[in-house]
Amino acid sequence: MLRRFDLYTRVNQMVVDCILFALSFGAAYLIRFDGLVPWQFAKQFLIWLPYLLAVRIYVNWKMGIYRFIWRYVSLADAIAITRSLAVVTTVLLALRLFYPPWAILAVRVRIPLSVIALEFLLSLTGCLGARALRRTLYERGRRKARITVGQVKRVVLYGAGRAGLLLLKELRNHPDVKVVGFIDDDPKKVGTII
């Protein structure tokens, strides 16, 4: 029997992240040098690229980033991803700041600060964007399934606090239920959108 291809396996997540990291690193050099990267820095890029990819993937793996399910990505996941990327960026910054400029291989080891900062920001944006896109596509698919079900039960929830929000999130996974509003005794919540 043929197995259906699953785009969102852990290995595929690592491949997507590798591609995003490589593109971010390359874009950082292109932005830093206005599209015309001098050969000295192009060589630096080519030397650093495999190491950067390997270390970023390893640190993400060790910090549990690939155990997150992309369709449920949340703020806590975004914070964990930021921490993981910050670990490697801190090492790059330490090499840049503390490796002596007169030492052997300094030209290859000392990545420009602007490249380090741009690479971090682009990698972070890419990683979070890919996961947010997956979640958006998943939720859109759930909404389409809700439309095809037919009889949809309209529901009003009591309590617009944490418990109500958790229940709302859970009910979004049921295509036969549509939450139309909340009832709450807090007058500050009247007319607001949850």
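The side chains of Asp 17 and Arg 131 meet in a salt bridge, with N and O 2.9 Å apart; the term denotes a side-chain nitrogen of Lys or Arg within 4 Å of a carboxyl oxygen of Asp or Glu. Asp 17 belongs to helix α1 (residues 10-32) and Arg 131 to helix α5 (residues 113-149), so this pair ties together parts that are 114 residues apart in sequence. Helices here are DSSP runs (H or I, at least four residues), numbered from the N terminus.

The model is a predicted one, in which local features need pLDDT of at least 70 and side-chain atom pairs count only at pLDDT 80 or more, while totals for chains, interfaces and linings use all residues. Residues are numbered from 1 along each chain as its sequence is written, and side-chain values use heavy atoms, leaving out hydrogens and water.

Are the two partners buried or exposed? Asp 17 has 0% relative accessibility and therefore counts as buried, and Arg 131, at 2%, counts as buried too. Buried means under 20% relative accessible area, calculated with a 1.4 Å probe on protein chains only.

By the rule for salt bridges, the count comes to two. The other joins Arg 56 and Glu 119, whose closest N and O atoms are 2.6 Å apart. Since Arg 56 lies in helix α2 and Glu 119 in helix α5, this pair ties together parts that are 63 residues apart in sequence. Arg 56 is buried, with a relative accessible area of 1%, and Glu 119 is buried at 1%.

At Trp 48, α2 bends by about 35 degrees, and Pro 50 follows within four residues. The bend is the angle between axes fitted to the seven residues ending at a residue and the seven starting there. Buried residues of α2 include Phe 45, Trp 48, Leu 52 and Arg 56. After α2 comes Gly 64, with a positive phi near 80 degrees.

Finally, α1 and α2 pack at an angle of about 145 degrees, their axes 10 Å apart; axes are lines fitted to C-alpha atoms over the stretch in contact, and angles run from 0 to 180 degrees between N-to-C directions.

Note on methods:
Helices (H or I, at least four residues) and strands (E, at least two) are DSSP runs, numbered from the N terminus. Buried means under 20% relative accessible area, exposed over 50%, partly exposed in between (1.4 Å probe, protein chains only).
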